[in-house]
Amino acid sequence: MAQLTVDIGGSPGINCRGYCEYCYFKKVKGETELGCRYCLPFKKGCDYCTRGVKEEYSGFKDLRSIADETLANLQLKQGEIERITISGGGDPSCYPQFKDLIELLGSTEAPLHIGYTSGKGWDDPAIADLLIENGLTEISFTVFATDPKLRKQYMHDPTPEASLVILEKLCGAADVYAATVVLPGVNDGKVLEETCRWLQDRGAKGLILMRFANATEQGLILGNGPVMGKQNVQSVESFRDMITDLRKKFTMKISGTPLWDPEIGSPFAIRYEPDLLAKLPRVTKRASVISGSIATPFIDTILSACGSVVSVVPVTKEIACLITADDLRGLDLASLETVVIIPGRAFVHDAEAEEILSRDGIERSVIRGPDMLTADAETSMGMTRDQVLEMEMNGFAELIQMVNRYGK
Ligand code: SF4
């Protein structure tokens with residue numbers, strides 16, 4: 001069965017009725033060429049790492065273009081459409097002809113899925129009925145807090161009460177995955193527990209909590225920190241413990257990113273599975289694997305269990321797939337082998353990475369590793385434990401094959 005993605009265009013913040021206080025796109029300026037896995041070998045910078053990563057489109061697409069593109073894509077698909085996902089850089093709830101868009105997609109009779117919305121563009125509770133009548137089956141909805149005053153203050157939702165009525169109706173009719181960026185002192189503690197209770201009582205499928213980042217080492221890129229001047233940030237450990245604690249109090253699925261999904265044991269759930277670790281290939285060569293500081297100890301444990309004697313090397317940045325050239329500059333080159341594997345999705349141009357990592361006169365070759373070694377909470381939310389384990393088995397098998405193929 002085929003799936004279809006309908007891209008409505010738009011840019012975060014610009015097509016969101018203004019920036020939320022905590023939005024990571026708020027301070028991104030100009031065009032920066034970061035370098036990435038899609039760049040040509042001889043040229044740093046491509047459309048993805050200069051514009052795509054900022055989800056920068058010229059504005060929402062007009063309805064006519066969306067209709068033409070959707071029709072053309074439908075004709076290319078064989079068989080029944082399993083689902084239609086509405087996505088884009090801007091927030092779908094702020095799409096000016098939202099009602100017409102939903103009626104148009106609803107006329108295909110395929111189940112509809114909204115990949116991400118804040119809901120702050122919706123002012124009329126009747127929107128929920130429109131969505132349900134037109135076949136909405138799944139939605140990811142940023143709630144922030146179920147206290148309307150906090151939604152108004154931090155998300156700049158002009159009609160928070162209406163958005164919450166819509167959320168409530170959708171919880172009763174579709175799979176709702178709520179999401180919240182946690183700002184310590186604002187929407188954590190009692191406020192968060194009330195939000196969890198509200199969502200659980202109304203039938204939400206789950207809540208994904210996102211740790212707020214306010215500095216480069218916590219995962220910001222494009223020089224956009226601090227996002228909020230005086231906002232406190234939780235340590236990764238206290239964030240993980242908060243999830244563990246909440247999980248004990250509620251039956252609804254609650255998970256966090258970057259750590260963790262208590263039901264599945266991810267990220268890196270495979271570390272608890274000796275039988276699966278035994279099925280991975282053995283590491284027979286030497287290469288330095290670089291990762292973010294959160295994932296490093298997990299990857300090190302797994303590779304050691306597969307026979308590796310070379311330690312995984314962390315950069316200061318906590319999140320592996322947001323590593324940039326500056327993070328590589330901070331590494332102690334003496335600790336590196338002559339073959340270095342960087343995360344597949346790191347924002348570094350391969351040639352620049354080799355130059356940085358060979359600055360001490362020792363020539364090192366840089367290999368781009370697998371795109372994903374595990375599932376973060378956003379990925380694992382709709383997955384079973386077996387699916388996550390399979391994903392991790394595939395990722396680590398690929399990584400070990402790279403070490404054995406290119407290593408010394
Ligand atoms: S809705 Fe999302 S993308 Fe838009 S401003 Fe808020 S956080 Fe940014």
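How much area do domain 1 and domain 2 bury between them, and what share of it lies on carbon and sulfur atoms? In this predicted model, the two domains bury about 1900 Å² between them. Carbon and sulfur atoms account for 64% of that area. On the side of domain 1, R37, E217 and I221 lose the most area to domain 2. Together these residues make up 26% of what that side buries.

The protein chain is divided into domain 1, residues 2–257, and domain 2, residues 269–406. Their C-alpha centres lie 29 Å apart. Contact between the domains involves 30 residues of domain 1 and 23 residues of domain 2.

Polar interactions also cross the interface. The rule finds 3 salt bridges between domain 1 and domain 2. A salt bridge joins the side chains of K44 and E352, at 3.1 Å from N to O. The count of residue pairs in polar contact between the domains is 8.

Three elements, α1 (47–50), β6 (206–211) and β7 (253–257), each supply at least two residues of the side of domain 1 that touches domain 2. Of the elements on that side, β6 gives the most, with 5 residues. By class, the residues of this side of domain 1 comprise 16 nonpolar, 8 polar and 6 charged.

The model also contains a ligand. The ligand is surrounded by P12, G13, C16, G18, Y19, C20, Y22, C23, Y116, S118 and K120. This shell divides into 7 nonpolar residues, 3 polar and 1 charged.

Terms used. Residues are numbered from 1 along each chain as its sequence is written. This is a predicted model: local features need pLDDT of at least 70, side-chain atom pairs count only at pLDDT 80 or more; totals for chains, interfaces and linings use all residues. Side-chain values use heavy atoms; hydrogens and water are left out. A residue is near a molecule or strand if one of its heavy atoms lies within 4 Å of it. Ala, Val, Leu, Ile, Met, Phe, Trp, Tyr, Cys and Pro count as nonpolar, Asp, Glu, Lys and Arg as charged, and the others, Gly among them, as polar. Domain bounds come from an automatic or database domain assignment. Contact means heavy atoms within 4.5 Å. Buried area is the accessible area (1.4 Å probe) that two parts lose on being put together, summed over both. A salt bridge is a side-chain nitrogen of Lys or Arg within 4 Å of a carboxyl oxygen of Asp or Glu. A polar contact is a pair of N or O atoms within 3.5 Å; within protein, one must be able to donate a hydrogen and the other to accept it, and residues adjacent in sequence count only if both atoms are side-chain atoms. Helices (H or I, at least four residues) and strands (E, at least two) are DSSP runs, numbered from the N terminus.
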